[in-house]
Amino acid sequence: MKTVMKTTLILICSLALAGFSHAAEETTHLAGRASKTPGPPGYANVPQDDKAIDAAVDRAQKSLGLFIAALKKKRDGDERFEIKKGFDDGQQVEHIWVDQLTWDGKLFHGRINNKPLDVKNVRLGQSVTVAPRDVSDWMFIRDGKLIGGYTTRIFYRRLSAADRAEFDKEARFTIQ
């Protein structure tokens with residue numbers, strides 16, 4: 001990613017994050033939470049050199065064709081198709097989930113599904129167009145299980161046992 005700061009929206013239910021400076025870090029919300037408001041508990045800073053997150057983004061990019069095929073076919077039990085994109089605003093970048101997706105064969109069209117915290121040039125509910133090369137993660141729910149959501153899986157594994165239990169209780173899907 002070409003940014004001084006990386007920002008990723010993640011879905012955390014009860015994680016209190018403190019002590020992160022904004023220099024050379026990203027922020028993120030997890031997907032799937034009923035109330036996606038910015039800031040702790042649903043917001044995390046991610047160091048720019050986070051190898052696990054970089055690998056998750058790479059995996060999402062390499063498997064994007066699977067997501068597009070599922071989005072086009074949408075079988076029974078499939079729901080909540082979302083992609084994540086980094087939105088730039090000067091030196092700030094925030095990776096935000098986009099839902100209500102359509103695919104026109106070249107671009108995704110949808111709406112911002114998280115209230116941005118660090119960037120001011122997009123807003124919750126705004127219609128956006130996203131090129132496949134700009135997708136930093138993708139997810140959908142199939143029969144109650146998370147498919148994709150590679151960055152979400154990283155953050156989930158990093159939760160304490162208590163926070164993971166709270167997440168599991170509040171999420172509308174399971175992570176396997």
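I shall speak about aromatic contacts, charges over rings, and salt bridges, in that order. Please bear in mind throughout that this is a predicted model.

Let me begin with the aromatic residues. The structure contains ten aromatic pairs. One of them joins Phe67 and Trp138, in a tilted arrangement with 5.3 Å from centre to centre and 40 degrees between the planes. Phe67 belongs to helix α2, residues 64-73, while Trp138 belongs to strand β7, residues 135-142, so this pair ties together parts that lie 71 residues apart in sequence. Phe67 is buried, at a relative accessible area of 0%. Trp138 is buried as well, with a value of 2%.

Phe67 also forms an aromatic pair with Phe140, again tilted, with the centres 6.3 Å apart and the planes at 50 degrees. Here too helix α2 is tied to strand β7, because Phe67 lies in the former and Phe140 in the latter, 73 residues apart in sequence. Phe140 counts as buried, with a relative accessibility of 2%.

Which residues make up the aromatic cluster around these pairs? Phe67, Phe81, Trp103, Phe108, Trp138, Phe140 and Tyr150 form one cluster.

I turn now to charges over rings. The charged end of Lys85 sits over the ring of Phe87, at 4.5 Å from the ring centre. Likewise, the charged end of Arg164 sits over the ring of Tyr156, and there the distance to the centre is 5.8 Å.

My last topic is the salt bridges. How many are there? The count comes to eight. In one of them Arg158 is bonded to Asp50, with the closest N and O atoms 2.8 Å apart. Is Asp50 buried or exposed? Asp50 is buried, with a relative accessible area of 9%, whereas Arg158 is partly exposed at 46%.

A further salt bridge brings together the side chains of Glu82 and Arg80, at 3.5 Å from N to O. Glu82 is buried, at 2% relative accessible area, and Arg80 counts as partly exposed, at 21%. Elsewhere, salt bridges with shared partners join Arg75, Asp78, Arg142 and Asp143 into one network. Within that group, the side chains of Arg75 and Asp78 meet at 4.0 Å, N to O. Arg75 is partly exposed, with 42% relative accessible area, and Asp78 counts as buried, at 13%.

Technical notes
Residues are numbered from 1 along each chain as its sequence is written. This is a predicted model: local features need pLDDT of at least 70, side-chain atom pairs count only at pLDDT 80 or more; totals for chains, interfaces and linings use all residues. Side-chain values use heavy atoms; hydrogens and water are left out. Rings of Phe, Tyr and Trp (its six-membered ring) pair if their centres lie within 6.5 Å; planes under 30 degrees apart count as stacked, over 60 as edge-to-face and the rest as tilted. Helices (H or I, at least four residues) and strands (E, at least two) are DSSP runs, numbered from the N terminus. Buried means under 20% relative accessible area, exposed over 50%, partly exposed in between (1.4 Å probe, protein chains only). A charge sits over a ring if NZ of Lys or CZ of Arg is within 6 Å of the ring centre and within 35 degrees of the ring normal.
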